[in-house]
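Here is a short report for a reader new to this structure. Look at the model first, then read on.

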2 protein chains.
Amino acid sequence: MQDKEISLAVIQRLPRYYRYLGELLENDVVRISSKELSERMKVTASQIRQDLNNFGGFGQQGYGYNVEYLYTEIGKILGLDKCYNVIIIGAGNLGQALANYTDFERRGFIIKGIFDVNPRLEGISIRGTEIHMIDELEEFVKNNTIHIAALTIPKLKAPAIAKELAKLGIKAIWNFAPIDLNLPKDVMVENVHLAESLMRLSYNLKALEESNTEE
Amino acid sequence: MQDKEISLAVIQRLPRYYRYLGELLENDVVRISSKELSERMKVTASQIRQDLNNFGGFGQQGYGYNVEYLYTEIGKILGLDKCYNVIIIGAGNLGQALANYTDFERRGFIIKGIFDVNPRLEGISIRGTEIHMIDELEEFVKNNTIHIAALTIPKLKAPAIAKELAKLGIKAIWNFAPIDLNLPKDVMVENVHLAESLMRLSYNLKALEESNTEE
């Protein structure tokens with residue numbers, strides 16, 4: 001219930017907290033103060049306290065945060081205590097890169113199938129997951145519980161496939177195609193727009209050069 | 001000069017404006033009102049006017065925006081009227097995916113070299129760009145003007161390589177490794193943290209499922 005009042009900005013930051021806490025855990029850190037956490041994350045300590053208070057606040061005055069407890073709780077908030085079945089549409093380099101990330105699996109994202117239109121890829125397996133032809137998609141989704149579809153296909157093909165996936169009942173699209181998808185409101189879309197990220201970098205590089213020239 | 005007063009939020013949105021305007025151009029749209037642009041982009045018209053006013057405002061009352069002009073001007077603001085030389089560190093699937101994106105080149109990001117530690121990849125070319133061994137990196141960067149380095153290497157290797165790149169004078173890092181890089185302030189870092197993006201999706205999926213259960 002409380003989730004609904006959490007701002008988008010906090011939700012955006014949660015995965016980062018989760019990653020940091022995971023790193024601390026790997027280094028056998030048992031507890032951490034909001035001050036230390038703030039120095040590592042380059043966020044103010046008051047921001048951290050405020051963010052974590054959204055979830056009832058897991059810190060204790062004079063003790064700080066119990067790293068493992070906080071990690072587990074944030075993981076639950078992010079839904080990482082469950083498993084998600086994932087299909088990848090598009091078995092090009094990017095699709096194969098996603099299929100090869102063992103990290104995703106460790107966090108409960110299980111890749112169930114990969115789909116492509118290229119007949120030369122048919123039957124090839126990537127880390128044990130078979131590449132199917134796209135015309136098998138409908139039957140596959142009907143016969144398997146699929147939670148998430150990653151779209152690593154060209155921009156012009158993405159809208160139609162996304163629409164089909166939504167029709168088949170898939171509620172979460174991880175979209176790498178550089179186009180916005182217009183889907184029903186109950187389908188979650190998370191975009192990874194690489195070109196836009198690269199443009200932010202060129203903007204910052206340009207701003208840096210201009211400030212150097214002015215000096 | 002005016003760039004310095006532009007908020008981070010606006011800068012975050014600019015590449016998206018640029019992408020939309022590019023799509024309009026491809027479809028031979030000559031002009032567009034802030035209302036139409038707002039409907040397509042799902043941002044309020046007043047937000048659009050406010051954002052574009054940051055750059056002197058390119059709209060005309062009763063006419064709307066000239067698409068090509070606005071596209072060109074935003075491109076300049078983003079630094080896309082220049083060319084950037086890019087190297088990719090890590091020739092795995094993700095590095096190869098980046099090297100294969102012809103879209104980046106079209107926008108002035110030219111891939112000059114790809115580096116890896118795997119001797120089996122030595123001398124192989126991806127779209128005409130050779131894969132070099134990582135021990136050639138220093139000489140390569142000294143002999144070529146490199147503006148941007150993309151890091152598509154494992155998390156634990158990224159900080160040391162990033163530090164070396166900064167020492168060699170590279171001012172922009174496009175970081176795909178799931179770790180924050182601590183670099184001098186005059187080195188721009190743009191992170192693409194895929195796992196965090198996936199977690200936002202699982203968060204939203206979980207929130208959706210919970211709201212369905214409550215109904």
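## Two chains and their contact

B:Asp180 and A:Arg16 form a salt bridge, with their closest N and O atoms 3.4 Å apart. B:Asp180 sits in the loop between β9 and β10 of chain B, and A:Arg16 sits in helix α1 of chain A, so this pair joins two chains. The model is predicted.

A second salt bridge links A:Lys155 with B:Glu26. The table sets the two pairs side by side.

| Salt bridge | Closest N and O atoms |
|---|---|
| B:Asp180 and A:Arg16 | 3.4 Å |
| A:Lys155 and B:Glu26 | 3.7 Å |

Between chain B and chain A the count is 12 salt bridges. Over all chains, the structure holds 30 salt bridges. Polar contacts also cross the interface of chain B and chain A: 30 residue pairs, with both residues at pLDDT 80 or more.

Which elements of chain B give two or more residues to the side that touches chain A? They are α1 (8–26), α4 (67–77), α5 (93–100), β9 (172–175), β10 (188–191) and α9 (194–214). Of these, α9(B) gives the most, with 18 residues. By class, this side of chain B has 34 nonpolar, 12 polar and 21 charged residues.

Now the extent of the contact. Chain B contributes 67 residues, and chain A contributes 67 residues. The size of an interface is often given as the accessible area lost when the parts come together. Here the area buried between chain B and chain A is about 6300 Å². Carbon and sulfur atoms give 61% of that area. Three residues stand out on chain B: B:Leu198, B:Met199 and B:Tyr203. They supply 12% of the area that chain B buries against chain A, more than any other three residues.

## Two helices in chain A

Two packed helices are described by the angle between their axes and the distance between the axes. In chain A, take helix α1 (residues 8–26) and helix α2 (residues 34–41). Their axes come within 11 Å and cross at roughly 105 degrees. That angle falls in the range of 65 to 115 degrees, which means α1(A) is roughly perpendicular to α2(A).

Which residues meet here? From α1(A) come A:Arg16, A:Tyr17, A:Tyr20 and A:Leu24. From α2(A) come A:Leu37, A:Arg40 and A:Met41. The residues of this contact divide into five nonpolar, no polar and two charged.

Terms used
Residues numbered from 1 in each chain as written. Chains lettered and ligands numbered in written order. Predicted model: local features only at pLDDT ≥ 70, side-chain atom pairs only at ≥ 80, totals over all residues. Heavy atoms only, no water. Axes fitted to C-alpha atoms, helices over the stretch in contact; angles between N-to-C directions. Helix = DSSP H or I, 4+ residues; strand = E, 2+ residues; numbered from the N terminus. Parallel < 35°, antiparallel > 145°, perpendicular 65-115°, else oblique. Contact = heavy atoms within 4.5 Å. Nonpolar A, V, L, I, M, F, W, Y, C, P; charged D, E, K, R; others polar. Buried area = accessible area lost by both parts, 1.4 Å probe. Salt bridge = Lys/Arg side-chain N within 4 Å of Asp/Glu carboxyl O. Polar contact = N/O pair within 3.5 Å; in protein donor to acceptor, adjacent residues only side chain to side chain.
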